[in-house]
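Hi,

Here is the structure I promised to pass on.

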Amino acid sequence: MLQLKDVALSHREKEVLKSTSLSVHGGEIFGIIGPAGCGKSSLLKILSGKVRNFKGETLVDNRPIRSYSRRERAKKICSIPMLPENMDISVFEFILLTRTPFKKALNPFSDFDVQITEESMAGFELSPYRNTLLGELSRSHLKAALLAFCFARNADVLVLDDATDGLDLRGLVLLQKMLFRYVVDGNRTAVLAGNDINFIAQTADKIAIMHEGTIKALGGPEIIEPEIIKQYFGAEAFVSKNVYNGKPNVHFFPEG
Amino acid sequence: MNQERIKKLLLSNFELAVTLALLFAVTSINAFIFNIRLNELTWLFSASLAAGLLAKGRRGNAGNFNYLQNGDGMAAALGIIASMVLFPAGGAIIAGIFCLVSLILFRAFLLLTDLASFSGLFTNFSALTAFAYFIHHFDLSSSSLQMIATGAFRPMISSQWPAAAAFLLIAVLYVPAIQLRHEIALFTLGRDFFEETGYRYRPALLVLELMRCMVTAAAVLGSGVFAAAGMVFISLNRQENIAYYATAFARIALAVQILATLQAVSGGATASIAAICAAILGRYITRRFS
């Protein structure tokens, strides 16, 4: 379980995240949407423990995130990193490296590490590319490899910023399937943030809409309404319901 | 043990064989042509092997064996060449210590030049200076040819202890390099990945720099003219992804060979300036295009 208590963050004397409180429970997918620069990524950096100089308190399983050692935190929380600097590494070896926090230095990876890597690869249909170098993958497959890296950690909390960026339609379907399986089956927590409102609306159980460094609306996917889109995203939109699950689908009107 | 692991192991042994063959060729041809004594031969082979084996520890991370790209190797070579010029009877220990100091200074220098956006100007100035020096001091004699072919430090080696030190270097560097290959691979993915998995980046960077520095020193001492054969392996590596560590060793040795050649025909100062120049330029190009 994740808890933020009056968390705030400033960067170069500018308050990028104003006092924010929220709770994310086990077995829940939490989505964060908002226009660019609204503080989504800052919030996620705090949640993943990458930023420590924030005000307030972040609790993971009722324990302050600052009290976790680096290795403990890596076992507990996994966030999606930027693109790797080294792309001359095979897909399998790359994903396997996410298991490093679970192995002792100088020891090899365990059979379980290999197994979970294989499963994560298979989940994103990357098994045929097992020995392909990252630099030789398409953009969508590369993104899938990054996501598989996160899922293979098998951490309690998954923090995904811009997870859908670069994924093709099949990739989106697989990501959603993996998230449902990961969170529901394992009673774990996932926090998604990004610009793909429809994916987050279709996937998350609870959604926060952020604007100018603060949460403006919080609730189920049904909070996504044309007025909200107009007010915080500055776009005219029509919101329909997905015939499969009744969750909102946002359709934008062309301007001009 | 599954089939995949067996295949990987076999490939690894094949690559090791390729490296050993390359190193043996370099060593023995140098020995025959230039009449190297037994203790020198031992040293030459040991130092080369140390460099090759350390590179093996980073197998699978072909793009990030950064001796040439980030300038560390050049900086280390600069330190050793400078120490040889300043302390001709000093020996390898002085060279090693000097190379560490020069590496630290070089890092600081890069930081400063990056902040001041000064590196381009400095590179151009260094290149011009090196070229002027080269023209002014050009001297190609038989003794300088021998130095080019067998490595810049062969004249300094006259006892068995450097060979023993080389074996120690292998023991010290090879074991952790192989055992820590996953952590090193993680390091090559970048700071974001390394810290995301719970490690501290800066201490790891320092340790790796020290290891690189030591290996570069070994390569400098053990290089010969046939290191140029490594160019073949570079193209093979791109096509077949084989024997990366052999190419890594060859690249180091080749870079050092160029410096040794410069030193032999145009003096230590030219080689030193060229080392700085290449290091800065390499860094600059990597940052621009990577």
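Predicted model: local features only at pLDDT ≥ 70, side-chain atom pairs only at ≥ 80, totals over all residues.

Residues are numbered from 1 along each chain as its sequence is written, chains are lettered from A and ligands numbered from 1 in the order in which they are written, and side-chain values use heavy atoms, with hydrogens and water left out.

Chain A, sheet and helices

In chain A, 4 strands make an open antiparallel sheet, ordered β2-β1-β4-β5. (Helices, H or I of at least four residues, and strands, E of at least two, are DSSP runs numbered from the N terminus; two strands pair if DSSP finds at least two bridges between them.) The edges belong to β2 (14-24) and β5 (63-64) of chain A; each has a single partner strand, so one side of each is left without a neighbour in the sheet. At the β5(A) end, the partner is β4(A), residues 55-60, and the two are joined antiparallel over 2 bridges. There, P64(A) in β5(A) sits opposite L59(A).

Helix α1(A), residues 40-47, lies across β1 (2-11), β2 and β4 of chain A and runs at about 120 degrees to β1(A). For that angle, axes are lines fitted to C-alpha atoms, for helices over the stretch in contact, and angles run from 0 to 180 degrees between N-to-C directions; contact means heavy atoms within 4.5 Å.

Further along is α4(A), residues 111-123. With 13 residues at 1.5 Å a residue it should span 18 Å, and its end C-alpha atoms are 18 Å apart, which agrees (the expected span is 1.5 Å times one less than the number of residues). Its buried residues include V114(A), I116(A) and M121(A), where buried means under 20% relative accessible area, exposed over 50% and partly exposed in between, with a 1.4 Å probe and protein chains only. After α4(A) comes E125(A), with a positive phi near 55 degrees.

S240(A) faces N249(A) in β12(A). The hairpin has 6 residues between its strands, and G246(A) takes a positive phi near 75 degrees.

Chain B, helices and rings

Chain B has 13 helices and 0 strands. Of its 290 residues, 52% count as buried. Among contacts in chain B with a separation of 6 or more, 77% come from residues 24 or more positions apart. Chain B exposes about 13,500 Å², with carbon and sulfur atoms supplying 72% of that (Shrake-Rupley method, 1.4 Å probe; for residues, only the protein chains shown count as cover).

Take a look at α8(B), residues 181-188: 7 of its 8 residues are buried, F187(B) among them. Just after α8(B), G190(B) has a positive phi of about 120 degrees.

F187(B) also belongs to an aromatic cluster with F194(B), Y199(B) and Y201(B). Over all chains there are 9 aromatic pairs. In one of them, the rings of F194(B) and Y201(B) have centres 6.2 Å apart and planes at 80 degrees, so the pair is edge-to-face. (Rings of Phe, Tyr and Trp, its six-membered ring, pair if their centres lie within 6.5 Å; planes under 30 degrees apart count as stacked, over 60 as edge-to-face and the rest as tilted.) F194(B) is buried at 4% relative accessible area, and Y201(B) counts as buried at 15%.

Cheers
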